[in-house]
Each structure stands twice: as structure tokens, then as C-alpha cells.
Amino acid sequence: MLEESFKIKTEVFEGPLDLLLSLIEKRKLLINDVSLAKVTDDFIAHLQNREVYSIKDASEFLVIASTLLLIKSRSLIPSLNLSEEEQTDIRDLELKLKIYKKIKELSAYIKNNFGKKIIFFPNTRKVEPVFSP
């Protein structure tokens, strides 16, 4: 999840970027009401105001921003005829975004359960090293 300190403020939405994407995917908010240029400018300004920023946060922003851009481009030009290469690129992007979403969900599960059930026990027997020329 992106840093909690970065919030989007527009006329129609105020909150974290993940929530914006979720509302748009659930069709509770229209993508055409959101200026993606303003969101990007705000994020760049947010990064410039920080001395140190996480590459993880920047990459998550890029994934979410690319999803929003894809949704917005399809809503603005629904009858656009794409070449086979462009359609393949879109399918690849959609597949990567689905994989990213699944990894994000699973990472939350791993974070909550890591180290709670230990399967392997440490080796308690002593092994003497043997020198073999």
C-alpha cells in the first residue's frame, strides 16, 4: 500500500490512491471526473517534498496510475480500433495488473501469518567439519 501520507484531493474525491482505483473499478466513481494529470502532479510534488522516498511506493503509484489511464482511455474512446500489437500490449498490461493485485493480496496474508507456525526446527546436532584435500 502506498504511504499513508499521500492523499489525493480533487473536487469529487479525497483519499488514498488505492481507494480511488477501487471506487472506479466498482463503478461508484466516474473516471472522467478525475484529472489524472493533477493526481500525477500531486504525487510528483509529494515525492519532491521528501528527502527519501521508497521505490516501492513509486512503483505502486505507476501500477495504479497505468490502470487508471487504461480505464480512462477506454471510457473516452470506446470505439477505437486498435492494432493487434496494441491489443496484445493491453492484454499484457491487464494480465500484469491482475498478477500484481494477487501478489498484493497474498503478501498481506503472508505478512499476517509469517512466523506463527514453524514447520522446520533448527538443527540441534553438532556436525564436525571434515577437511578433505
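For the class counts on this tour, Ala, Val, Leu, Ile, Met, Phe, Trp, Tyr, Cys and Pro count as nonpolar, Asp, Glu, Lys and Arg as charged, and the others, Gly among them, as polar. Bear in mind throughout that the model is predicted.

Begin with the largest pocket, which holds about 820 Å³ of space. Coloured by class, the lining of the largest pocket shows twelve nonpolar, four polar and ten charged residues.

Next, select helix α2 (residues 36-48) together with helix α3 (residues 55-76), whose axes come within 11 Å and cross at roughly 175°, which makes α2 roughly antiparallel to α3. Show side chains where Leu 36, Val 39, Thr 40 and Phe 43 of α2 meet Asp 57, Ala 58, Phe 61, Leu 68, Leu 69 and Lys 72 of α3; this contact has seven nonpolar, one polar and two charged residues.

Finally, follow α4, whose 30 residues should span 44 Å at 1.5 Å a residue, in agreement with the 43 Å between its end C-alpha atoms. After α4, select Gly 115, where phi is positive, near 85°.

Conventions
Residues are numbered from 1 along each chain as its sequence is written. This is a predicted model: local features need pLDDT of at least 70, side-chain atom pairs count only at pLDDT 80 or more; totals for chains, interfaces and linings use all residues. Side-chain values use heavy atoms; hydrogens and water are left out. Axes are lines fitted to C-alpha atoms, for helices over the stretch in contact, and angles run from 0 to 180 degrees between N-to-C directions. Helices (H or I, at least four residues) and strands (E, at least two) are DSSP runs, numbered from the N terminus. Angles under 35 degrees count as roughly parallel, over 145 as roughly antiparallel, 65 to 115 as roughly perpendicular and the rest as oblique. Contact means heavy atoms within 4.5 Å. On a 1 Å grid over the protein atoms alone, a cavity is a set of points where a 1.4 Å probe fits but cannot get out, and a pocket is an open set with protein on both sides within 12 Å along at least five of seven lines; lining residues have an atom within 4 Å of a point. Grid points are joined across faces, edges and corners, and a volume is the space filled by probe spheres set on the points. The expected span of a helix is 1.5 Å times one less than its number of residues.
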